[in-house]
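Have the viewer open as you read.

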Amino acid sequence: MDQDTLRILLREAVRETVAEVLQTVLELDRTAFLQVHGGRRNGYYPASWRPPSARWT
């Protein structure tokens, strides 16, 4: 492989990695925000909590 091909491959790998990390950070930030400010009315449910309809199934 020549240097240009390696540079292109590296650039694409970095883009994918950064996109994955940003997605994880945004999801963690959203979860933390909802835990503090949102509660159930904004769609945050603790992992141990299940909606009433799911308890009977």
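In which helix is valine 18 found? Valine 18 sits in helix α1, which covers residues 3-38. Keep in mind that this is a predicted model, where local features need pLDDT of at least 70, side-chain atom pairs count only at pLDDT 80 or more, and totals for chains, interfaces and linings use all residues. Residues are numbered from 1 along each chain as its sequence is written, and side-chain values use heavy atoms, with hydrogens and water left out.

Overall, the protein chain has 2 helices and 0 strands (DSSP runs numbered from the N terminus: H or I of at least four residues for helices, E of at least two for strands). Of its 57 residues, 7% count as buried. Buried means under 20% relative accessible area, exposed over 50%, and partly exposed in between, using a 1.4 Å probe and protein chains only. The chain exposes about 5300 Å², with carbon and sulfur atoms supplying 59% of that (areas by the Shrake-Rupley method with a 1.4 Å probe; for residues, only the protein chains shown count as cover).

Here's how some individual residues come out:

| Residue | Relative accessible area | Class |
|---|---|---|
| Methionine 1 | 75% | exposed |
| Aspartate 4 | 47% | partly exposed |
| Valine 18 | 43% | partly exposed |
| Arginine 7 | 42% | partly exposed |

Methionine 1 lies in the segment before α1. Leaving aside neighbours within four places in sequence, methionine 1 is in contact (heavy atoms within 4.5 Å) with Leu6 and Leu9.

Now for the charges. Side chains of opposite charge can pair when their charged atoms come close. The structure holds 1 salt bridge, meaning a side-chain nitrogen of Lys or Arg within 4 Å of a carboxyl oxygen of Asp or Glu. Here the side chains of aspartate 4 and arginine 7 meet at 3.5 Å, N to O. Both lie in helix α1, 3 residues apart, about one turn of the helix.
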